[in-house]
Amino acid sequence: MPIKRKKIVVVGGGFGGIKAALETAKLKECQVTLISDRDHFLVYPSLYSTATGWSRQQSMIQLDEVFHGSTVKIVHDTVTDIDPRQKVIIGKDDKYNYDKAIFALGVVTNYFGIKGLDTYSYSIKSAPEIDRFKNHLHQALAHEKHIDKNYVVIGGGPTGVELSAALATYVAQIADKHGIDHKKLQIDLIEAAPRVLPRMSEKASQLVYDKLLSLNVSVMTNKNVESENKNSVLVSGVDMPSHTVVWTSGVSNHPFFQDNSDVFTLAENKRVMVDEHLMAYEDVFVIGDNANTDYSGLAQTAIADGKFVAKVIHSTLHNKRIPAYRPSRPIVVIPVGHNWAIAEYKNLRVKGYPAHILRMLADFICYLDYFSFVHALTLFMTKSHREEDCTTCHDK
Ligand SMILES: Cc1cc2nc3c(=O)[nH]c(=O)nc-3n(C[C@H](O)[C@H](O)[C@H](O)COP(=O)(O)OP(=O)(O)OC[C@H]3O[C@@H](n4cnc5c(N)ncnc54)[C@H](O)[C@@H]3O)c2cc1C
């Protein structure tokens, strides 16, 4: 007689959800469904690179490709509710019964109510946002009478640092292509804290600050963005003319959890409280950016969480002792411009080309978490491909 397999429903096709689905699908007692509102996996750490002219393939991978050869059923839907008493997840298109549910919905952009940002600023958190940003860059530079001289990146965290450094080279290249003097262009990086990368050591911040200056990025710290309009952004009382303002600063937890606050308990930072098995409610796991754990907010943590819940489910099904979750401190590696990065782990620090190699290695290992060696290597190789998709450029 065939065994009745447990229904595992994973919601979210990002770092945590995909890993959890791949790992639980290895258990023969489980039948896994992954629900996502996107048809592709967004590899966020590579988005700054795609946004500045490098391959799209490295950072946007179809879910069909990720789950090729696995038994995971992929469903395209947007989940809105959960009824944990009936063990049912409710999406816009359908309802899904589960024995175990795993949520990894990621975060959403938060403009903190700053006037004009939602209308005028650019963001690089999705494929449409990246297209809008790149089209604008090419459009602005292709027609000299509209040339934007000032490029403002808001947020001196990892994304803002990576993007402003890459942008300095990218806009200079586009300008050269159109015969525009790139020395006229200015890149500003705005940070509210006293230093860039405030979550890293002061020494690391200083090294990155120096590197950014050498790339002609001007770094403004202790500055608050107050509003933006069509032609400028107001920063600590000073109006800075710009048509290219990129917001990399604010995110907040996915609203699904607040909307279902009868089921989920939220911490002060709005992340979901979980127990030592990453469970937020009976048979409901919350992982990755959504869970209130020590190193939440990092891809490496989401991957580790996905593996962990699969272990918990395996132990439960086999009546084994369930392990307790132990958050592990990730190594932080931030690329700053071409072939240069800074890496830090506790008191250890590496900078320059060796750190760049570390980052390449980390990116490759990250692909290995999802793909076979050959497939990971193929994706990794696409990183070095320049994308020539700008018709405006070629038309000129
Ligand atoms: C620009 C950027 C750069 C980053 N760089 C780094 C880095 O260099 N190193 C690092 O460690 N971390 C980095 N991070 C953070 C890292 O990407 C996240 O920690 C990681 O993606 C979290 O994984 P997750 O599975 O929790 O969420 P995500 O990867 O965000 O996945 C969430 C998934 O849920 C889906 N979803 C959302 N709502 C619904 C819904 N209602 N119904 C169905 N599906 C839904 C989304 O479409 C998405 O597929 C970066 C983040 C950003 C934004």
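Guide: The model is a predicted one, in which local features need pLDDT of at least 70, side-chain atom pairs count only at pLDDT 80 or more, and totals for chains, interfaces and linings use all residues. Residues are numbered from 1 along each chain as its sequence is written.

Visitor: How is the protein divided into domains?
Guide: There is domain 1 (6-37 + 77-109 + 252-330) and domain 2 (118-248 + 384-395), with bounds from an automatic or database domain assignment. Their centres, taken over C-alpha atoms, are 35 Å apart.

Visitor: And where does the ligand lie relative to domain 1 and domain 2?
Guide: The ligand lies between them, because both domains give residues to the shell around it.

Visitor: Which residues of that shell come nearest?
Guide: Gly-12, Gly-14, Gly-16, Gly-106 and Gly-288 do, out of 33 residues around the ligand; a residue counts as near if its C-beta atom, placed from the backbone, lies within 6 Å. Helix 1 (15-24), strand 2 (30-36), helix 6 (158-177) and helix 9 (299-317) each supply at least two shell residues. Helices (H or I, at least four residues) and strands (E, at least two) are DSSP runs, numbered from the N terminus.

Visitor: Changing topic, which residues touch the most other members of the largest nonpolar core?
Guide: Ile-102, Ile-287 and Val-309 do, in a core of 57 residues. Helix 9 gives the most to this core, with nine residues. Such a core is a set of buried Ala, Val, Leu, Ile, Met, Phe, Trp, Tyr and Cys residues joined through C-beta atoms within 7 Å. Buried means 20 or more other C-beta atoms within 10 Å of the residue's own, exposed 12 or fewer, and partly exposed in between, with C-beta atoms placed from the backbone.

Visitor: What is Val-309 in contact with?
Guide: Leaving aside neighbours within four places in sequence, Val-309 is in contact with Ala-20, Ile-102, Leu-278, Phe-285 and Ile-287; contact requires C-beta atoms, placed from the backbone, within 7 Å.

Visitor: Finally, is Met-220 buried or partly exposed?
Guide: Met-220 is partly exposed, because 17 other C-beta atoms lie within 10 Å.

How values were computed
Contact = placed C-beta atoms within 7 Å.
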